[in-house]
Amino acid sequence: MQRLRNLDAPFDLLVVGGGIIGAGIARDAARRGLRVALFEKTDFGGGTTAGSTRLIHGGLRYLEMLDFRLVRMDLRERETLLRVAPHRVRPLEFLLPFYDRELFERAKLRAGMLLYDALSFDKDLPNHRSLDAAETRSAEPHLSPQGLQAAVAYYDAQVDSPERLCLENLIDAREQGAVVLNYAEVTGALHQGAAVTGLRVRDVLEGGEVEVSGRLVVNASGPWFDRVAGRLGPHPRPRIRTTKGIHLAVAPVSQRAVALFSELDGRLVFVIPWLGYSWVGTTDTDFGGDPAEACATAEDVDYLLRSLRRYFPPIASGPVHWSNAGVRALVAQEGRESSVSRAHRVEEGPPGLISVLGGKLTGYRVIAQEVTDLAGRRLRLKAPCTTAQAPLPGAAGRAPGEAPSGVEAETLEHLRSLYGSLAAPVLAIAASHQEWAARLAPQYPDIAAQVAFAVRQEACERLTDFLLRRSLLGFSPDQGMAAAPAVARLMAEELNWTAARQAAELEAYQNWVEQTQAFRGELRGSNLSYAS
Ligand SMILES: Cc1cc2nc3c(=O)[nH]c(=O)nc-3n(C[C@H](O)[C@H](O)[C@H](O)COP(=O)(O)OP(=O)(O)OC[C@H]3O[C@@H](n4cnc5c(N)ncnc54)[C@H](O)[C@@H]3O)c2cc1C
């Protein structure tokens with residue numbers, strides 16, 4: 001019960017869910033002086049936040065759906081995030097090639113780009129430009145020339161690690177006095193009459209349950225929304241619709257991101273440069289199970305590869321390194337999955353409870369602002385929102401320019417890119433003892449000091465947390481397997497794990513890796529066209 005101490009005093013705001021939206025709310029509310037506690041049942045950012053395409057974008061697709069309000073909001077947020085998190089969110093050039101399109105359709109797509117520029121009139125990124133077929137080919141030589149007419153190039157942005165973006169919100173929240181706990185599952189609510197007055201929270205790692213009082217509770221549990229709502233009180237009908245999307249890490253085929261219309265059904269599909277791969281996604285299919293169990297099936301993989309075969313033949317024939325899957329929470333609506341609006345909704349009721357339904361990663365900050373404004377009105381607090389101006393912790397101050405002895409230049413560059421200015425405390429640990437400056441595995445620039453920092457400062461509790469959500473090792477070609485034993489040993493020393501616990505952590509990670517590749521076996525046993 002050690003981890004659940006310090007929860008006796010009443011809080012102003014209790015947040016259920018440590019994904020990007022819950023993290024954004026905790027940060028904003030703590031900055032405005034509210035006493036906040038946030039509970040996450042697994043690891044911070046391990047839910048849908050980790051299953052996203054990793055784009056910070058207005059969304060061309062939502063223009064097609066005529067959702068101009070959402071597109072404008074997210075384009076404004078894109079600019080804000082480029083400003084407050086430049087170490088994490090970076091501009092990304094996209095190409096939208098036209099294949100066998102009628103003149104009218106090409107004109108429509110160009111008009112769409114003009115509108116996209118108009119809706120981001122206050123941006124710093126360049127406006128779109130047109131390319132003819134030859135320019136398109138020379139920009140992206142792997143694009144098939146068959147039927148290629150022209151393209152438009154435009155800018156959006158990419159977040160390399162939404163997991164760390166989420167974490168940095170929580171680090172800031174904690175620095176402002178919030179209590180943020182991972183592996184703390186909300187199992188029920190406290191009530192006074194119909195009003196919600198607190199939560200029951202179970203420690204998933206050590207066992208034990210406590211009751212925590214709060215003046216307001218926010219349900220920010222993403223695709224688990226209906227499940228959590230059912231635990232907080234009477235919840236007669238589902239309020240969200242959950243759809244699964246998958247991604248594939250394949251050999252790189254393009255310099256810039258390429259947006260393409262699926263050969264199978266015309267949906268927009270992306271091929272995005274990310275960590276040396278082409279990151280291919282995504283699908284959109286109703287999913288009724290536990291979001292934690294979503295994974296890419298052989299059919300999902302086959303759909304994506306066949307969608308792109310015409311444009312990028314190497315993708316369809318090359319190997320798929322691994323997959324990931326995420327589950328969207330959409331405000332419940334009938335119709336085809338991809339036609340359901342991505343706009344979020346904030347609702348109130350019963351007294352004491354605020355609910356966040358849906359919402360994109362891109363809009364997390366402004367959604368958090370809306371929720372905190374509402375909480376402030378209920379709690380009669382007037383403090384203004386500061387998150388559109390205040391840099392996230394890794395962007396506050398400069399990233400260190402020099403490495404201590406024993407730390408190679410490649411590692412310094414890597415740490416600067418991964419942590420921004422938070423690389424300084426990592427390097428301080430590396431400087432304290434030679435062992436901490438050692439690489440975790442010869443092929444990666446990551447060093448032992450990162451593990452110590454993650455455990456001591458970043459609430460890293462499990463091996464999977466470090467490999468997937470504190471570092472990017474889990475996304476390397478061997479998915480971090482070469483580094484896993486060293487990380488497990490260092491974590492065991494820091495956290496006093498038994499040998500059995502250390503072995504269990506390695507096994508759990510191995511199981512996760514297998515799940516990301518499970519589609520391979522299914523594909524071999526199927527009559528689907530892709531069988532690599
Ligand atoms: C395939 C796909 C691609 C996407 N691509 C993009 C994109 O490119 N750009 C973009 O802007 N958006 C994108 N999105 C949307 C974006 O990922 C989500 O909107 C965002 O991550 C939602 O964050 P969240 O905090 O609401 O949910 P989550 O990240 O799922 O967080 C909810 C958290 O609640 C926790 N929780 C659940 N039950 C409990 C409980 N009982 N107690 C405590 N905690 C609990 C969960 O463990 C989870 O961590 C994509 C989504 C998908 C699925």
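**Entry 1: charges over rings**

Over the face of which ring does R35 lie, and at what distance from the ring centre? I found R35 over the face of F11, 4.3 Å from the ring centre. I counted a charge as over a ring if NZ of Lys or CZ of Arg is within 6 Å of the ring centre and within 35 degrees of the ring normal. R54 also has its charged end over a ring, that of F475, at 5.1 Å from the centre.

I note that the model is predicted, with local features needing pLDDT of at least 70 and side-chain atom pairs pLDDT 80 or more, while totals for chains, interfaces and linings use all residues. Residues are numbered from 1 along each chain as its sequence is written, and side-chain values use heavy atoms, leaving out hydrogens and water.

**Entry 2: helix α1**

I took helices (H or I, at least four residues) and strands (E, at least two) as DSSP runs, numbered from the N terminus.

I then looked up burial (buried is under 20% relative accessible area, exposed over 50%, partly exposed in between, with a 1.4 Å probe and protein chains only). Since 11 of the 12 residues of α1 are buried, the helix is largely enclosed by the rest of the structure. Its buried residues pack against elements including β1 (11-16), β2 (36-39), α6 (162-175) and α10 (364-378). Just after α1, G33 takes a positive phi of about 95 degrees.

**Entry 3: R32**

R32 is in the loop between α1 and β2, and its 7% relative accessibility counts as buried. I listed its contacts (heavy atoms within 4.5 Å). Beyond neighbours within four places in sequence, R32 touches Q369, T372, D373, L381, A383, P384 and C385.

Its side chain meets that of D28 in a salt bridge (2.8 Å, N to O). A salt bridge here is a side-chain nitrogen of Lys or Arg within 4 Å of a carboxyl oxygen of Asp or Glu. D28 is at 0% relative accessibility and so counts as buried.

**Entry 4: other salt bridges**

How many salt bridges does this rule give? The count comes to 46. I looked up two further pairs.

- R256 and E140 join through their side chains at 2.7 Å, N to O. R256 lies in the loop between β11 (240-250) and β12 (257-261) and E140 in the loop between α5 (133-139) and β6 (148-159), so the pair ties together parts 116 residues apart in sequence.
- E505 and R462 meet at 3.1 Å, N to O. E505 is in helix α16 (residues 499-516) and R462 in the loop between α13 (448-457) and α14 (463-470), so the pair ties together parts 43 residues apart in sequence.

Salt bridges with shared partners also join D43, D465, R469 and R470 into one network.

**Entry 5: ring pairs**

I searched the whole structure and found 12 aromatic pairs. Rings of Phe, Tyr and Trp (its six-membered ring) pair if their centres lie within 6.5 Å; planes under 30 degrees apart are stacked, over 60 edge-to-face and the rest tilted. F94 and Y154 have ring centres 5.2 Å apart and planes at 25 degrees, so they are stacked. F94 is in strand β4 (residues 89-99) and Y154 in strand β6, 60 residues apart. F94 and F270 have centres 5.8 Å apart and planes at 80 degrees, so this pair is edge-to-face. Both F94 and F270 are buried. Ring pairs also link W274, Y277, W279, W322 and F475 into a cluster.
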